Amino acid sequence: MAQPALVSSPYRSIAQSAGVAHGTVGIVMAELKRLGFVGDIGGRRRLLQGERLLRQWVDAYGRTLRPKLLLGNYRASDIGWWNEIDPSEADVVLSGEAAVARLSGVLVPQIITLYGNRAAANRMQIQHRMTPDAHGNVEILSRFWRFDQQPPELAPALLIYADLLATGDARCIEAAATLEEDLFARLK
């Protein structure tokens with residue numbers, strides 16, 4: 001979904017980009033064909049019903065995968081600290097509200113969403129004096145994709161969109177709507 005052009009690539013390329021086994025790609029592609037999301041047109045594999053697939057993926061991501069990726073929730077006394085860091089130096093990428101704020105400045109983040117690894121989460125907690133808090137204003141999730149994105153300090157647009165919707169907050173849902181047109185256009 002983050003790289004829709006990959007659908008017509010060899011399974012080996014898809015597996016490498018997704019960081020999964022070659023056999024997994026075959027199973028997923030067969031299921032996508034069965035569900036009508038992938039089809040052969042003009043001798044090439046194509047993505048079909050992209051908007052519907054995107055909506056289903058975002059819903060499933062928020063319910064199923066996202067909770068499993070959580071490395072920790074924290075409370076930072078100064079919510080503005082995220083704007084002073086270079087995410088690439090900190091080995092994290094911004095998502096959700098912070099990513100939209102970095103892109104457009106139209107949203108003042110209430111929750112900072114970062115993707116990284118356990119070591120980066122520990123460094124962030126120490127450097128920015130964050131305390132563990134289940135309802136904190138910082139969430140750090142495990143980065144699970146293996147491809148580069150642009151700009152490099154931000155999560156893929158699909159995840160930014162999914163993270164905004166996962167909040168259930170009206171401000172974030174409105175910000176997500178501004179990303180929809182571009183996401184849908186890439187799936188056609």
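Select aspartate 40 and then arginine 45: arginine 45, in β2, is the bridge partner of aspartate 40. The model is predicted, with local features needing pLDDT of at least 70 and side-chain atom pairs counting only at pLDDT 80 or more, while totals for chains, interfaces and linings use all residues. Residues are numbered from 1 along each chain as its sequence is written, and side-chain values use heavy atoms, leaving out hydrogens and water.

Strands here are DSSP runs of E of at least two residues, helices are runs of H or I of at least four, and both are numbered from the N terminus. Between the strands of this hairpin lie 2 residues, and glycine 42 takes a positive phi near 60 degrees.

Next, show the open sheet of 5 strands, with the order β4-β5-β7-β3-β6 and mixed pairing. Because β4 (93–95) and β6 (131–132) stand at the edges with a single partner strand each, one side of each is left without a neighbour in the sheet. Two strands pair if DSSP finds at least two bridges between them. Strand β3 (residues 70–75) pairs with β6 over 2 bridges in the antiparallel sense. Select tyrosine 74 to find its bridge partner in β6, proline 132.

Axes are lines fitted to C-alpha atoms, for helices over the stretch in contact, and angles run from 0 to 180 degrees between N-to-C directions.

Move to helix α5 (residues 96–104) and helix α7 (residues 157–167), which pack at about 125 degrees with their axes 8 Å apart. That angle makes α5 oblique to α7; angles under 35 degrees count as roughly parallel, over 145 as roughly antiparallel, 65 to 115 as roughly perpendicular and the rest as oblique. Select Gly96, Glu97, Ala99 and Val100 in α5, which meet Ile160, Asp163, Leu164 and Thr167 in α7. Contact means heavy atoms within 4.5 Å.

Finally, zoom out to the whole chain, which has 8 helices and 7 strands. Its C-alpha atoms fill a box of roughly 55 × 30 × 25 Å, taken along the principal axes.
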